[in-house]
Each structure stands twice: as structure tokens, then as C-alpha cells.
Amino acid sequence: MNRTKGDEEEYWNSSKFKAFTFDDEDDELSQLKESKRAVNSLRDFVDDDDDDDDLERVSWSGEPVGSRTRPGSFQSLSDALSDTSAKSYAPELGRPKGEYRDYSNDWSPSDTVRRLRKGKVCSLERFRSLQDKLQLLEEAVSMHDGNVITAVLIFLKRTLSKEILFRELEVRQVALRHLIHFLKEIGDQKLLLDLFRFLDRTEELALSHYREHLNIRDPDKRKEFLKTCIGLPFSAEDSAHIQDHYTLLERQIIIEANDRHLESAGQTEIFRKHPRKASILNMPLVTTLFYSCFYHYTEAEGTFSSPINLKKTFKIPDKQYVLTALAARAKLRAWNDVDALFTTKNWLGYTKKRAPIGFHRVVEILHKNNAPVQILQEYVNLVEDVDTKLNLATKFKCHDVVIDTCRDLKDRQQLLAYRSKVDKGSAEEEKIDALLSSSQIRWKN
Amino acid sequence: MAFPHRPDAPELPDFSMLKRLARDQLIYLLEQLPGKKDLFIEADLMSPLDRIANVSILKQHEVDKLYKVENKPALSSSEQLCFLVRPRIKNMRYIASLVNADKLAGRTRKYKVIFSPQKFYACEMVLEEEGIYGDVSCDEWAFSLLPLDVDLLSMELPEFFRDYFLEGDQRWINTVAQALHLLSTLYGPFPNCYGIGRCAKMAYELWRNLEEEEDGETKGRRPEIGHIFLLDRDVDFVTALCSQVVYEGLVDDTFRIKCGSVDFGPEVTSSDKSLKVLLNAEDKVFNEIRNEHFSNVFGFLSQKARNLQAQYDRRRGMDIKQMKNFVSQELKGLKQEHRLLSLHIGACESIMKKKTKQDFQELIKTEHALLEGFNIRESTSYIEEHIDQQVSPIESLRLMCLLSITENGDARCSLDTHYGPEHLLTFSNLRRAGLLTEQAPGDTLTAVESKVSKLVTDKAAGKITDAFSSLAKRSNFRAISKKLNLIPRVDGEYDLKVPRDMAYVFSGAYVPLSCRIIEQVLERRSWQGLDEVVRLLNCSDFAFTDMTKEDKASSESLRLILVVFLGGCTFSEISALRFLGREKGYRFIFLTTAVTNSARLMEAMSEVKA
């Protein structure tokens, strides 16, 4: 770009920014590029010596230490200690709280709770009657401090039978939630499940049981565990997911064993050309589908690893399937497979192109996978909506499609405008010039 | 560009004192274990610690070696071990395993656990159960307020969100109350208090109790900050779920700002190194663009680049003396600016590339449609497609939540989409937290409610039980939006260069609900006239005001407002309120449990290995 200074001024200050869109890639990026160039041109002059501008002083944790903070905020220790104004505000610089001990037996429930809040150790043993215990709990709840509520609950859990504890908590929801969270945190799964059972919260019970699978590493053990989850009282929708989860892992274990073997044997081309990056175990369903479209695309429906089999077993919707297969095959640059994915035959044997996801999506996915222009062009042409087609063609530089569409629209102005976007002396330019000078076309503008 | 503050805008209090206090207290605690010791630090505490102390300070207090707390056996040979940790069960188990291994080996050492910001009884219980209570001494380092910037204090407690809003655990409320107490000790009492949300109300009450118990400390002090406003994150999930488009928010969404600094990778630095950069008001370039809509940033940066060029060009034709002056006086500043400029240009470039790739424009369009409530069917199918393409699970979840909340639970269709079993637990969490509001048939809900309320005798629990509160919580977003005018009516193009209202932080499409509430209440100095909004927010029992006599408060202090976000705030909200402050001559100070964004909210809801 060789603009004069005046041009540039106008360019920077033009009002283009008002209707800013993130799609204006060209404009915005070129603007950034210019600023970058300006800044970079200064680099030689600037980057000559000291690189210690404090931006990057890395400390032991990889974090910058004291970089670019206010001068003086990192004063020396002696300064800090002699700074009396700060010291006088310092809260509780006396004995550490933990060392306060108090064994007095005379505190009322509310005093006890208050002392607990201050972090003081104080004995709860004298609250022996149920009434006293509950009063203590109520005081804790009304003070709002969750730490104290939990402290009281720990005491109640130790000194009450679980039936009584559960019964009392059922009508004290705030305390109940604290107990549930506490049990989750310390990992007392057994008591937690008992509690949910008592409360008749069947769905939480099921979810809580199911959650445990996260802690099981071994795939076979995990699979066996998931089997025990099937039939638990989940919601109808979740039940189906649990069943799927089990089936999926079962599949993955089979596929993994098979493919690991194939890969190490080194006889299969696809694995040699594209070694697997990770194991397929515990991957989500869609990732598994992608994997199988990548490595097992042509397999017959009968095999566990075939994409069609996955699609049927897990009732994967058409759209989802096509998207995934498209991405996988495009990644392998298997354009024939891509073509086949969208080709349907009618009863007369004519072929027709159809895409459940819309061809505009197809084009975008192909572009993301660096498909060549000839391929892109083919699918851009299949986009029905003319505006969308024109936009996509322009965005992805499918010159022929743009030119032909303008011609079909008899839009001379747009064609003229597009002429400036193609390379000088290129075939496209010639094509445009030929059209523009043609007397056959009755331009609308 | 980078609007200046009004000349009458009040000065911000100096919060650097908080850093000094925290550092002094840490030193004091380290001195409690005299002699050489090895220090084990929890990963989450490293960045905050870095902001207030450095290695040499630790060394001065006889810290010999530093270790990260991770689940590995410790190789330390020191006779004294000190652990600096968050009060978490897994940390206790880790410490117990070390101590018990020592015991087995017949080794005696001294152990000290420093909990930050406070210790929990559950932790002590684990120490007791593991048989090491008494073998370790426990202390608390009440470091709960880290000034990340001149107007931003963070408690650096991202877990607050999940603990309270998902699990209903109120363990951090006391920490918040203590932090507020510290602020009022240092900067005087707050004459005007407002708040909305159940947690806000509890934190406020606990704080008041604290002040009463330790009265006298703040009495007689002149207030420096005239207003305090407490707000629960669940009052406004929508704002936090939106994609951010102001520069600082975008940087956070794209690169993740952590404890006030960001890692710029090679794609930004255009070298082979990554750079850790502090982002705050002292970065002169950043300070001017942080609150700007992204579309204005390019123009600003290029202007800046040309100015810089011109300043360098001046050296041509200088004589020796002038050159000497230039080098000694200006060069360093120019170099610094140059470096910052090239970093932010690199960041913009990288953001643009990423956003173009993921079709950001269409995403934003969908979000705006959801906010405004039109083209719901189109938006729904966009989201379904998004899920199908598995662009990013976190992104899909976020969009589903946005759809569900803005449409008040009509998100059924997309929920039914095949999403894979792996998100079962996440869905259940999202529902419990009220981020996904599936529409329950009216009768079922009322039946459940009435059955439960009969059982309830727990006064503090309020009228209906918490167990069902999220079910009962209809978001009512559309009605609130109408009442508060959250969708600005715009004739023609919204000029993002000269914003007219806070909606500019979302390209002029939406005024952040949280910020609008704050604006309205400050204007009225009460909740008067906002009853309907409060009711729609399900906060009828949790909206409060508390005014004391203002005779001692200077007019300057009355234009300083501390906003407390319980459960996190986003950079977009900060930018919006900074804008409001400039318009009205206020200054806002932000106190948040952590800086958050949509991805962090979603991640907090997912289940991982215990």
C-alpha cells in the first residue's frame, strides 16, 4: 500500500469505525498492520541496549515481582516495621488467634457462637440436651457465618445419631446445605447418600453416586461402576444419558485396544500417516464420532468403530453427523468423501446435492480446514441465497463465483467494484473486462 | 478517547496501605517460627503474594527454600516447615501425609500452617482426625484485600461463587464482613449503605455486628467513602454471561487476566518469548484504551504510533547538547511507551484473528437478539448449531444459560439436543445455581413449594425453602429489562466513540443490569420506586438501605462509592461504572470476591475429580 500522507490521514480518521464489525477483517487488520509497521520501524533505534524495563522480571513463581509498581511500595523491611502509622492500624498483631484457649463452661449459646466466629477454640461439650444443641445451631445460622455453622454441625454429627440429625436438619435448610457441602468436601460419601435417601431426594442421590465415577481411573473399573448407575432414579432424560455413557465407554475400550494394536503394528496406512494424538478413552461422544470418521470411515456398519454404527447406537442427529464427518474428511483432504456426503440419488437415478446443515456452513467448515479454492468454489455455488453466496465468495476469494453471480444479477456496478480486488493482469481481470465490454448483457445499472 | 474525569471528581483513597498491612502481618507470622524454614505455598496464593512481597523479603525472614503445594512428597530437609495455604480439606490431607510420613520415619520437625485469609473448623477437624492436631501450629493471615489497581480491590476468592451460589455454603461471609470492617477502620465509616441479594444482606448484618462488638474504633473518624453498595452476583447473571467487547474485558476473555497481570504469548509479543505484563492504571497506553469499545482501540493505537514516531523524529537535527538532553530525559519514557504500544497492538491483532476465525460477529448478533428478545427461533437454532459443531463446550453452555435466563426457561429445545453424557453433572449444577432455568409446569412447582413450606420452621430460611429457591427463581429478565430500560432505543447508528450511556460496553445494545440498578439507587438514595424491579428480581426481602447522619461527610466523600460484588464482577461492569462516574462526577471503587467472566462462571459449575 503506497498511500500519500494525506490519504493516510483520511484513512485513519475516516468514519468507517462507526459501523464496526468484526467481519471487516481487511480494513481493521490492515490498520493494525500499519501501526505495527510504524512501531516496528522504531525498534532498531529502541532495542539497542538495556532490556530491563521491568516488564519481565520473573520471580520464583514465574510471576513478575514488583514490576512496574509504584516506587516505594516495595519498601525495605525496616521501613515497613518502623512505619508506625500503618502499624497502629494493623489488626490483631498480638498473639495468633489459634492460641487462645477457653474452657469456660459458662458461655450461653449466643456467646459461644460469637466466640467461635472470632476463631477462638471453645468447647461445645456442655451442650448435651437436644434442645441445647439445636439452640446452638439456630444461633449459628442466625449469625450467617458458614464456618461456625459447620463447626456446630461437626459437633452435632459426632454427638447425635444420624436419624435424629437428619430429622432436625430436614426442617433447617440452611444448616442442611452446609452439612451436604461439608460431607462432599470431606468425601463422606456413605453418610451423604444416607442423607439423600432419608430426605427422599432420589435424583440427587443418583447424581451423587454417579459422580463417583470421576474418581475412578481404570477404564474397565469405571465401566463396571457406570453399569451400577444404570437404573438409579435419574430423570428420564438423564437415564438415557447414563445408559449412553456406559455404552460409549464400553465401545471406547474395544476401539482403543484394537487401534493401539494396529498403530503399534505399523501396517495400517492411516495410523502411520496420522499417528493418534491421544487415547480415545473417556472422550465425549462427538469426539469419538470424529475419531471414527477419521480412522474408520469406510468400515462396514457391523463394526463397533464404524461411524454409521455410532450414529445409530447413540441416535446422533443427521446434522451433527454431517458436521462431524465433514470436518474429519476435510481434515484428511478426502474431497471425494466430502462430495459423497452431500450427494443423494432420487428414484430416477439423478444425483442431487443436499446439505442438512446448509451449504454456507459447509463452505465455512471447508475453509477452516484449508480447502483449496476449486473445492470451495464448488460448494459456494450451491448456496441458494444469492446475497449469502456473494458474501461467501468474496470472503473466500472465489473470483469466478463472484463474477458469474454479478453477471447473472446484471449488476455492473458491483462487478466494476470487484475489479479492483482482483490482481492486475490476472485471468479474472480479463474475464471481468470481457464481460464489462460485452454488448450481450443488459446491465441493470 | 479516554475521557478525562470531571475536574470536581474526588480523589481516590490510597489503598497501597492494604499491601503494607498484609506484608507486615505475613512477616510477623513468619517470625513466629524463628530460624531457618522451608515455605510451602499453595499455587493459588502465589500471584497474590507476588503482588505484596518478593523473594528477598521472605529470605530476610529466614525462609530457606520455596515449594509449591502439590500432591507430591516433599523433598525438604529443613527442620522447620511452614505451609501457606487456603483453608481447604485437600491441603490438610496433604500436610497430614507429610507429617505422618515424618512420624513413621521417626523424624521430628516443627510445622506451622498459615491459613489465608482465615482458618475453617472443618480444616482443624481433619488435622485432628489425621492425628496431627497439636503437632502443627495454626495461624491466620488475614490477607483478604488485594489492591489490583487504584480503584479495584480483589479478595482473590474465585471459589466464593461456587461455594455460595451453588452449594449454599456461607463460609466466606465472615471473610467479607472482616474485609469491610478493615476498610471502615482504615478509611472511616460509610454513611450510606445499600444492598441487594440474600448474601449481601447477610454480609451486611454480620459486618454490623462486628462493628458493634468492636465499637469505638471507627467512631469520630471522618468518612472518606460516602457510599457502599453490596450486590449479589445472582441478581444479574445475564451481564456476566455476555461476550465482552471493551478492551480490558476482551483481553480477559481472550488471554485471561490473572491477579491483574496477563501472559502474552509469542503471537502477541512477535518474538519467541511470552511476556507477563501487569495491566493497570500505570500502563499509560493501557489506561487510555482499557475502557474503550474495541472498535475505537485501533484508531487510538495508530494515532499513538504516529505521535511516537514524530517524537523520535525530533532527534534528527539535534545538536549534541539537545541530543544529550533527549537521551537522558525523554528516551526512557519513549522506549517504555514504545514497548507498551507494540504489545497492545500485538494483542489487538491476535484478538482480531481469533475473533474473525470463530465468527464473533454472528455470535454477538445472537447475543444481542437474546438480550432484546427477538428472533428467538433463529437464536435457538444458532445455539443448537454451535453445540453440534462442538466449537467449545464452555461457550455452548454459556449461550444456553443466556438463552434460558433471558427467555425465562424456554430453553427446553436446546437442552434436549444431544450433548453427550459428560455434562450431566454440570447441567444439574447450573440448574441448582439458577443459571439454567427450565420451565417447570406451574402446578408442580406450587405443589412442591406448599408441601415444603409446611415442613419449614427454620425462621432464618425465609418463606420458602432454599432447596427449591432455584426452581422457584424465575428470571423475569424480559420484564426487568423493560422496567429498567436496559435496551436503549437508538435512532440510527450508536456512536461508540462518544458513548451516551453505559450500553456502550455492549456495543450500545444493552445496559448492564447490575450497573443500572446501582445507578438508579444512587440517584434516589434509596430503593423507593423500585419495588416492582426488586420483586421481579426475587429480592423483596433482601434489598436494603441504611443511612446515618451525613453531617461529618464531606461533599467530596459523598461522591465516592464502594461497590461490593459478591460472587465476582466483570471488567465490562467496571468499565460501565467508570463511565457513569465520569458522567456524574462520582468515582467508583470496586471490591470483588474475584474478577470473573462468562467462562469462569461456567467452569466453576463443572464437576471434576475430587
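User: How much area do domain 1 of chain A and domain 2 of chain A bury between them?
Analyst: This is a predicted model. Chain A is divided into domain 1 (109–200) and domain 2 (203–316). The contact takes five residues from each of these two domains of chain A. Carbon and sulfur atoms carry 64% of the buried area, and the total is about 470 Å².

User: Which three residues supply 82% of the area that domain 1 of chain A buries against domain 2 of chain A?
Analyst: The count of salt bridges between these two domains is zero. On the domain 1 side, three residues supply more of the buried area than any other three. They are Gln189(A), Leu193(A) and Phe196(A).

User: Between which domains of chain B does the second largest cavity lie?
Analyst: About 50 Å³ of space lies in this cavity. Its lining includes Leu148(B), Glu248(B), Leu279(B) and Phe571(B). Two domains of chain B both give residues to the lining, so the cavity lies between them: domain 2 (147–236 + 510–605) and domain 3 (247–356).

User: How many residues of the lining of the second largest cavity are nonpolar?
Analyst: Leu152(B) and Ile257(B) are among the lining residues. One lining residue is polar and three are charged. The nonpolar residues number five.

Conventions. Residues numbered from 1 in each chain as written. Chains lettered and ligands numbered in written order. Predicted model: local features only at pLDDT ≥ 70, side-chain atom pairs only at ≥ 80, totals over all residues. Heavy atoms only, no water. 1 Å grid on protein atoms, 1.4 Å probe; cavity = no way out; pocket = protein on both sides within 12 Å on 5 of 7 lines; lining within 4 Å. Points joined across faces, edges and corners; volume = space filled by probe spheres on them. Nonpolar A, V, L, I, M, F, W, Y, C, P; charged D, E, K, R; others polar. Domains from an automatic or database assignment. Contact = heavy atoms within 4.5 Å. Buried area = accessible area lost by both parts, 1.4 Å probe. Salt bridge = Lys/Arg side-chain N within 4 Å of Asp/Glu carboxyl O.
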